[in-house]
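Let's take a friendly walk through this protein together.

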Amino acid sequence: MNHFNGDPSFQFDHANISEQQALLLANETDTAGLMAMAAKMRDQHHGKRISYSRKVFIPLTHLCRDVCHYCTFAKTPKQVESPYLSIEQTLEIARRGVQMGCTEALLTLGERPELRYRAAREALQQLGFSSTLEYLAEVSSAILAETGLLPHLNSGCMDREELNELRKCSISMGMMLESSSERLSERGKPHFGSPDKNPAARIATLRAAGEIEVPFTTGILIGIGETRRERIEALLIIRQLHQQYGHIQEVIIQNFRAKPGTLMATAPEPDLNELLWTLAISRIVLGAEMNIQVPPNLSPGVLSQLIGAGINDWGGVSPVTPDHVNPEAPWPHLTDLANQTESTGKQLVQRAPVYPSYAKNTQQWVDKKNHKALLIHLDGSGYIRDDSWLAGTGNSLPETYIKLPSLKIEKKNISAKSIDPTIRDIVNRAAKGELITELELELLFHVRGDDLDYVIEAADQLRKEVNGEVISYVVNRNINYTNICYFHCGFCAFAKGKVQENLRDKPYKLGMDEIARRALEAQKKGATEVCLQGGIHPDYTGETYLQILKAVKQAAPNLHIHAFSPLEVWQGASTLGLSIDDFLAQLKAAGLNSMPGTAAEILDERIRSRLSPDKINTDQWCSVISSAHQQGIDTTSTIMFGHLDGPEHWARHLVTIRQLQQKAEAAGLGVIKEFVPLPFVHMESPLFRKGKARQGPSFRETILMHAVARLGLHPHIKNIQVSWPKLGRQGAEACLKAGANDLGGTLMNESISRAAGASVGQEMTSAMFERWAQGIDRKPRQRRTNYSWAEEPGLVARTASSNLQRIL
């Protein structure tokens with residue numbers, strides 16, 4: 001039948017196809033029509049991404065109690081050198097994988113060989129284990145602990161207790177359902193004599209995995225004698241289990257390959273049309289969000305057609321080990337796989353063995369002790385980090401970003417077809433000053449490949465239109481007057497108060513005389529601004545902040561005082577029993593000129609409540625900023641990203657900042673002068689050290705933050721600043737070519753980034769900033785805090801060196 005040529009009796013909502021409608025598809029013959037529908041569904045959720053996992057394949061044992069008629073993986077004791085690989089042998093394979101950039105250790109084994117072979121029982125006894133699964137747990141734990149590879153276990157049928165034990169030492173697990181047809185276990189059929197291939201046993205394992213929340217891989221094997229209807233029946237069982245537990249992270253559609261030496265050596269293999277039909281049906285039955293995988297090594301030469309059938313994943317591909325289940329089918333080279341994927345307009349993206357939606361919800365899906373091992377590999381989208389850059393280290397950028405001056409779209413010969421039309425439309429509207437939505441901002445944060453280059457170039461072009469070729473900076477001094485704080489922000493390595501954290505610096509509190517001395521010294525050396533911030537000391541009240549302002553203003557009356565985060569303002573007001581407005585009025589009268597928009601972190605309670613649960617919430621932070629604007633006090637704005645957060649939270653944060661600025665502009669008093677992305681410096685952060693956060697953003701995410709901020713905040717916030725202590729020179733220069741226009745301050749004794757583990761530096765000079773700007777063919781210019789130009793003769797010259805005395 002062909003139901004895709006307008007038969008009205010066969011219309012259905014493919015987003016929620018019923019069981020009856022799905023079974024009717026067994027008679028559908030229009031493969032091309034099914035493929036078109038499946039590809040459209042796939043694109044609605046997965047976009048341009050086609051994922052894969054870079055793995056090593058570790059065959060722990062080839063012994064198996066089952067005798068599947070198509071299998072060459074299973075062997076008898078006489079056919080193997082040893083019943084099991086030793087732990088050291090598995091570690092040696094894993095270490096080679098690490099050297100080749102792998103993140104997954106796929107551990108595959110025969111099912112319960114000790115129940116069939118004395119050799120297996122004796123080998124396990126010598127190793128000190130009672131079962132294969134017990135030994136598997138030991139091996140998996142060793143690989144995770146000693147190499148950092150993430151174990152994915154293909155360990156066959158298991159009960160709930162066995163699954164629970166293996167969950168403790170793995171990231172994810174898998175077992176092919178293969179088929180739900182009991183007919184295939186009858187005499188003469190491929191599963192005869194294989195008790196673990198009984199559909200009921202395998203379904204019970206899938207159910208138990210869902211009950212204890214194991215991210216689980218399953219799938220079907222096509223071409224072993226099942227009918228099309230039976231395939232759909234198996235897919236419906238998988239769908240029902242996933243709807244109940246949400247744990248089926250991917251479904252593999254594997255085509256049977258006839259192998260010499262097996263009982264099915266002469267059996268016909270499914271042709272390409274059969275595979276494409278099944279892939280499309282799988283997408284339609286399982287839905288747009290499901291991850292549908294097909295092994296690329298089993299269908300060489302037709303990968304573009306497989307993509308056209310609605311798949312979004314190639315599965316595990318190894319640059320180190322063969323496919324031990326299909327040794328006759330070598331893996332494609334990763335470069336070839338990327339090229340073939342990109343030839344279809346898609347992008348190859350590396351994932352972990354656990355898919356992004358599960359990786360981003362480790363609390364539910366991953367054993368607590370394995371969180372750090374997983375998180376260290378991930379970016380904010382839940383995929384594998386695509387570069388090794390780390391904020392605060394000053395390490396080299398990926399070559400792509402070093403060569404940003406040549407990223408011109410026309411020079412790269414990027415065709416119009418290679419840019420996602422949705423991305424092109426969002427960028428074009430943003431550049432015209434239209435306000436793009438939260439969802440559109442999130443889409444921009446996900447871009448890769450040519451789309452990434454397009455967003456960067458567009459942001460830089462918009463920067464030229466708004467700011468010209470000038471790179472601005474301010475000569476200032478940071479005075480962090482105390483690092484003692486009674487708040488417990490998990491990310492913060494600056495605040496002290498708990499000796500057991502073993503953090504980098506000792507607690508300190510500067511006296512008023514020392515604060516005044518530092519301010520005067522900064523003024524004498526040519527600074528125009530002093531930035532005052534610190535921890536929330538338990539002895540500080542609002543009166544303390546007023547006294548700090550008075551001390552600075554008396555000692556250095558010409559300095560612009562840029563001071564106190566919204567948290568400090570909130571705490572100061574509450575200690576004096578004042579409203580925020582009244583306290584801000586007092587601060588302004590005492591000398592406050594502007595206010596930093598720090599302590600923002602992430603303005604999304606989904607993350608903020610976990611990141612700093614005892615801190616002021618998003619609404620409170622925004623209310624302080626708005627109150628400052630109403631008092632005629634300008635502020636800045638920030639985001640601290642790369643820890644628990646992701647694109648959806650960054651997008652919400654930008655929208656919140658933009659709305660604050662729109663409100664301020666309407667009032668015509670104080671406004672937000674700049675937006676400053678602050679990549680998370682992880683090294684000394686308690687949150688990271690406890691295995692609860694990622695190791696900061698990748699550089700792709702960092703440069704995107706600057707570029708997307710330029711586009712998303714236009715035309716309301718005109719200045720995007722780089723945080724050079726966190727980015728380093730190369731990082732700062734790259735972001736200045738991706739939409740940013742300001743280098744921030746010379747800082748003189750910045751200590752918050754250093755406390756977090758940054759090694760880039762605490763201080764810069766005007767001469768250094770000028771060399772940076774000139775090095776990328778831009779014009780340096782010193783500004784004041786309010787972005788007016790500092791034209792006083794000799795102002796720059798007096799800041800050529802500082803070597804400030806520092807008392808801590």
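To describe how helices pack, we use axes, which are lines fitted to C-alpha atoms, for helices over the stretch in contact, with angles running from 0 to 180 degrees between N-to-C directions. Helices (H or I, at least four residues) and strands (E, at least two) are DSSP runs, numbered from the N terminus. What you see is a predicted model, where local features need pLDDT of at least 70 and side-chain atom pairs count only at pLDDT 80 or more, while totals for chains, interfaces and linings use all residues. Residues are numbered from 1 along each chain as its sequence is written, and side-chain values use heavy atoms, leaving out hydrogens and water.

Now find helix H19 (residues 449-467) and helix H28 (residues 699-713), which pack at about 45° with their axes 9 Å apart. H19 is therefore oblique to H28 (angles under 35 degrees are roughly parallel, over 145 roughly antiparallel, 65 to 115 roughly perpendicular, and the rest oblique).

Next, look at helix H7 (residues 199-211). Its 13 residues should span 18 Å at 1.5 Å a residue, and its end C-alpha atoms are 18 Å apart, so the two agree; the expected span is 1.5 Å times one less than the number of residues. Its buried residues include Ile203 and Leu206, where buried means under 20% relative accessible area, with a 1.4 Å probe and protein chains only. They pack against helices H6 and H8 and strands E5 and E6.

Zooming out, the protein has 31 helices and 18 strands, and buried residues make up 62% of its 808 residues.

Terms used
Buried means under 20% relative accessible area, exposed over 50%, partly exposed in between (1.4 Å probe, protein chains only). Contact means heavy atoms within 4.5 Å.
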